[in-house]
Amino acid sequence: MDNSAFKTIAENRKVRHEYFILESFEAGIELVGTEVKSIRRGGVNLKDSWCVIEDGEMFVNGMHISPYDHGNVFNKDPMRVRKLLMHKKQIMQLMGKVKQEGLTLIPVSIYFKGSMVKVQVGLCKGKKLHDKREDMAARAAKRDIERAVKVNNR
């Protein structure tokens with residue numbers, strides 16, 4: 001499928017600052033019609049969301065989908081727990097890694113793949129303070145280099 005079929009709706013930028021993303025997986029998400037309409041308008045926030053595995057199923061908690069303006073009685077609770085759709089074998093592998101290695105599952109982004117809403121779930125390990133400082137120093141150095149190149153090109 002070509003890149004034009006993917007339309008990113010929301011990203012969780014906090015994840016890249018707070019965690020190392022070791023692996024990422026694509027999952028479907030169980031939604032109702034008014035939630036899909038709200039997502040199409042960009043009314044979704046992944047800021048404080050996380051995933052949990054219970055009874056062989058994966059759920060996303062803390063994801064806020066704004067109520068659809070014209071949705072009336074069909075609007076659901078914006079903060080409700082939503083089921084993520086993955087193969088049972090994948091979920092069991094992730095559950096093993098989370099339990100053994102102390103990793104966590106966090107939604108990184110939500111996007112449309114064709115007409116389907118997909119969630120990119122990252123298998124993450126928390127960063128220590130010195131790791132965050134290294135990342136900030138690297139970003140600052142990259143910015144300084146880009147500025148210097150831009151000034152020299154004039």
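This is a friendly dialogue on how to read a predicted protein model.

Biologist: Before we start, what should I keep in mind about this model?

Modeller: The model is predicted, so to speak of local features we need pLDDT of at least 70, and side-chain atom pairs count only at pLDDT 80 or more, while totals for chains, interfaces and linings use all residues. Residues are numbered from 1 along each chain as its sequence is written, and side-chain values use heavy atoms, with hydrogens and water left out.

Biologist: How many helices and strands are there in the protein chain?

Modeller: Helices (H or I, at least four residues) and strands (E, at least two) are DSSP runs, numbered from the N terminus. Here the protein chain has 4 helices and 9 strands. Read from the N terminus, their order is β-α-β-α-β-β-β-β-β-α-β-β-α. The C-alpha atoms fill a box of roughly 60 × 40 × 30 Å along the principal axes.

Biologist: Which residue other than glycine has a positive phi?

Modeller: Asp 55 is such a case, with phi near 55°. Asp 55 sits in the loop between β4 (50-54) and β5 (57-61).

Biologist: Is Asp 55 buried or exposed?

Modeller: Buried means under 20% relative accessible area, exposed over 50%, and partly exposed in between (1.4 Å probe, protein chains only). Asp 55 has 78% relative accessibility, so Asp 55 counts as exposed. Of the 154 residues in the protein chain, 35% count as buried.

Biologist: Which residues is Met 58 in contact with?

Modeller: Contact means heavy atoms within 4.5 Å. Met 58 lies in strand β5 and is buried because its relative accessibility is 0%. Leaving aside neighbours within four places in sequence, its contacts include Cys 51, Val 52, Ile 53, Ile 91, Leu 94 and Val 121. Met 58 and Met 95 are 37 residues apart along the chain, with their C-alpha atoms separated by 9.3 Å. Over the protein chain, among contacts between residues at least 6 apart in sequence, 69% join residues at least 24 apart.

Biologist: Where is Asn 12, and what does its side chain reach?

Modeller: Asn 12 is in the loop between β1 (6-11) and α1 (13-18), and counts as buried at 5% relative accessibility. A polar contact is a pair of N or O atoms within 3.5 Å; within protein, one must be able to donate a hydrogen and the other to accept it, and residues adjacent in sequence count only if both atoms are side-chain atoms. The side chain of Asn 12 reaches the backbone oxygen of Leu 46 at 2.9 Å. Beyond four places in sequence, Asn 12 also has contacts that include Ser 49, Ile 106 and Pro 107.

Biologist: How far apart in space are Glu 30 and Leu 84?

Modeller: Glu 30 and Leu 84 are 54 residues apart in sequence, and their C-alpha atoms are 6.3 Å apart. Glu 30 belongs to the loop between β2 (19-29) and α2, and counts as partly exposed at 44% relative accessibility. For another pair, Gly 43 and Lys 88 are 45 residues apart along the chain, and their C-alpha atoms are separated by 30 Å.
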